[in-house]
Amino acid sequence: MKRRDFIKLPGLAALGVAGGGLLSGCQSRPLPGSGEVTVTPTVCEICFWKCAGWVHAENGEPWKITGNAEDLHSGGRLCTRGSGGLGAYADRDRLRQPMLRVEEKGRQRFKPVSWEEALSFIAERMEQIGERHGRDRLALLSHGSGGGQFKRLLNAFGSHIFAQPSYAQCRGPRQVAFALTYGEDVGSPDRTDMANARCIALIGSHIGENLHNGQVQTLSEAIARDATLITVDPRFSVAAGKSRYWLPIGPGTDIALLLAWMHVLINEDLYDHRFVEQHTLGFEQLREHVQSFNPEWAWLETGLEPERIRATAHELGRHAPASLVHPGRHTTWYGDDTQRERAIAIVNALLGNWGQQGGFYRPEKVELPAYPAPKPAKPASDWKAAIQADHPLAPKGISHKVIEACIGDQAQVKGLFVYATNLPMTIPGIADKLNRAADDLELMVVVDTLPMEVTGYADVILPECSYLERHDDLRNSPEREPSLALRQPAFEPLHQSKPAWWMAKQLAERLGLGEYFPWQDYTEVLDWQLQQVGSSLEEMERIGVKTFPRKTGLYFSADDPPSFRTASGKVELYSQLLADYGYDPLPRYTPPQQPGEGYYRMLYGRAPAHTFGRTTNNPVLFELMPENHLWLHPITAADHGLKSGDYARMKNRVGVRGNPIRVRVTERVSPRDLFLAHGFGHKAGGLRLTDGVGGDDGEMMDNIKIDPITGSTGMRATFVTLEKA
Ligand SMILES: Nc1nc2c(c(=O)[nH]1)N[C@H]1C(S)=C(S)[C@@H](COP(=O)(O)OP(=O)(O)OC[C@H]3O[C@@H](n4cnc5c(=O)[nH]c(N)nc54)[C@H](O)[C@@H]3O)O[C@H]1N2
Ligand SMILES: Nc1nc2c(c(=O)[nH]1)N[C@H]1C(S)=C(S)[C@@H](COP(=O)(O)OP(=O)(O)OC[C@H]3O[C@@H](n4cnc5c(=O)[nH]c(N)nc54)[C@H](O)[C@@H]3O)O[C@H]1N2
Ligand code: SF4
Ligand SMILES: [Mo]
């Protein structure tokens, strides 16, 4: 028998657990204003933009969350999703107590256990793995604020294997391409100075649907000031609707467009000579490289008329340096993604906008000392060389490689911790490997707030309380204005849920590693850190956000020129490092694989009301958008006898059929493409609002294009047919 069966957690009410005054939503409360109102500072965890806000309660009962007016990062406002954050607290399907996988009469199930039992079990298994295989054999996959606590725990134990889906399923290609070119990453928040730009080109980047709050605001400011917006997207996105130029590009051909833009900027002498001469390396090689890539050539690849390619290149050049090509964020598309991101980085270098107003600003964060505690020892061995040797330039852990490293008797990883990432819906094509990994692992711990798909693979499930019920580390993001923001518990943790810092400390004590967590309560850490920068917990409890003066200029100048941490100290248009490793040193265009007769290309993206699959069961946000829609062109709809409101199923090339999904007929997608928002189609078993509702884009992805440079998973060579449901 398999060591681990996938267990679906039933709706937890079915376990006969007491409800304990759980809210069913926030609508049924009496009109606010009569009782005692308290406000508590928070930092939103509904997505990773980390807006600061206030949680309002009346007589201790949740009322609403609003933005913190002092928070420059969010412009003092929360987005739709952040405003619905109370739903993360009030979700009736939340995990309530620790659970342990047990087997009775040949059947596996989860048994509710005490924290004592769960933590002792984990600590014993960790020690066992350490003795049998070595203390470096545990791994952490994480995507959330409390992940650092478990990282500290595993590092102290002796294990350093670590990955986040925000690398190999998201920003990896952008990070690596900008580091190769400029010597540093774009970072988060993305350091674009859009509010001051005179011309902005979006490659994909569906800002407006992609609702990173502050970013939407700076783009809106640019539009209000009549900046030229160029949106390159096969679909008529919200941003396309606000643009002077919409370039409905053939999917996967963006590198051809970017090369043609370089061709025009260089050959028509529209590039920034001073920047190129002073700061870049390899311009002559670039000039030669792009000679054959004129707009007429790009037309055949992209389907975009040469005049439009020229006109948009002129716009970019004319407004430089207050002109930028947005680097995008979710950049794992077609497997040549580092090349595309390098091309974006190079066009920006030609515009000379690095550290310039209206281009890329210079971010700064607060110099915040770490709490005095022993530092875990550095890794004894090079785990990246062991598990991802085929991607030597990857600076970070590759999530799917970590899972592969859990498979087999000789596996490198023997114990896996998963913190706040729903692997089956997050890493495309991982289901089978995850099953095998779960069979072979000696320990798998999942820390989550909800009974998501990933919990079904665990030995132990640890229920974390929501962000509204806990402390986490201070927000200290690299920004225009350095600032700190505090997240405080607004409510007592519901049920038996606990914060990450508590769990990690408890485990550390059971493992004899307590010295690495020398605090009784996390407020000691926060207060100590705040005192070092002239504030205190008491002050931050009152104000929530504190902004600090910059130490450097927001932009570079002749007296304060930029420096680049590349090998040459210059912006590397030509990358010797790529050449040394056998990759293309200048961006190369590869024509994308085409869908073939009868198939459509499945495009996916964001919907403003949800964050991935983490909010679809949120009772507040569910009401705003209960299901996703499959966008079809009228011709496609007619071919399949479908109209808006009907249900259809996608089927991929290996025969996987998706859930029924409601059709939306619209000319905003081309007849060759379909589009849907990611995050629906849950099959967890215990998500009573969202299970079985809508379609899951990830389920259709059978043709993952791995980027050789970063190791990231290109997800857009996904071809499907349609069936009426
Ligand atoms: N509401 C909401 N906002 C979010 C998130 C969320 O979950 N919900 N998640 C956040 C996160 S983590 C990320 S990484 C970002 C992701 O958001 P973005 O970085 O903006 O994602 P993209 O993949 O660039 O954008 C998707 C768009 O690309 C278009 N597209 C598809 N194929 C191609 C192509 O070949 N060429 C071009 N030019 N366009 C193409 C699609 O039609 C779609 O409009 O969003 C962030 N913002
Ligand atoms: N098919 C497909 N796959 C994608 C994408 C896509 O568009 N389509 N987008 C990619 C991108 S850009 C990204 S960034 C990744 C995102 O990947 P993930 O961050 O893994 O995305 P989610 O599905 O939101 O999973 C988050 C998990 O964290 C849990 N959680 C939420 N809040 C908390 C908390 O406070 N504490 C704890 N412990 N757990 C919590 C949720 O219940 C859920 O199980 O996905 C990538 N994968
Ligand atoms: S952008 Fe919205 S969901 Fe994301 S942190 Fe800000 S308020 Fe929360
Ligand atoms: Mo992302």
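View 1. Strand 1 pairs with strand 2 (residues 52–58) over 7 bridges in the antiparallel sense. Threonine 42 stands opposite glycine 53 in strand 2. Strands (E, at least two residues) and helices (H or I, at least four) are DSSP runs, numbered from the N terminus; two strands pair if DSSP finds at least two bridges between them. Axes are lines fitted to C-alpha atoms, for helices over the stretch in contact, and angles run from 0 to 180 degrees between N-to-C directions. The model is predicted: local features need pLDDT of at least 70, side-chain atom pairs count only at pLDDT 80 or more, and totals for chains, interfaces and linings use all residues. Residues are numbered from 1 along each chain as its sequence is written, chains are lettered from A and ligands numbered from 1 in the order in which they are written, and side-chain values use heavy atoms, without hydrogens and water.

**View 2. Lysine 50 lies in the loop between strand 1 and strand 2.** Its phi is near 65°, a positive value in a residue other than glycine. Lys50 is also among the residues around ligand 3, as are Cys44, Cys47, Cys51 and Cys79 (a heavy atom within 4 Å). The shell divides into 8 nonpolar, 2 polar and 2 charged residues; Cys counts as nonpolar, Lys and Arg as charged, and Gly as polar.

**View 3. Four strands form an open, parallel sheet in the order 10-9-8-12.** Strand 10 (245–247) and strand 12 (323–326) are the edge strands, each pairing on one side only. Here neighbouring strands are turned by 10° on average, direction ignored. Strand 8 (residues 199–203) and strand 9 (residues 228–232) pair over 5 bridges. Isoleucine 200 has leucine 229 in strand 9 as its bridge partner. Helix 6 (residues 213–224) lies across strands 8, 9 and 12, at about 135° to strand 8. Helix 13 (residues 337–351) touches strand 8 and strand 12 (heavy atoms within 4.5 Å) and makes about 175° with strand 12.

**View 4. A cis peptide bond joins serine 188 and proline 189.** Omega is about 0°. Proline 189 lies in the loop between helix 5 (165–182) and strand 8.
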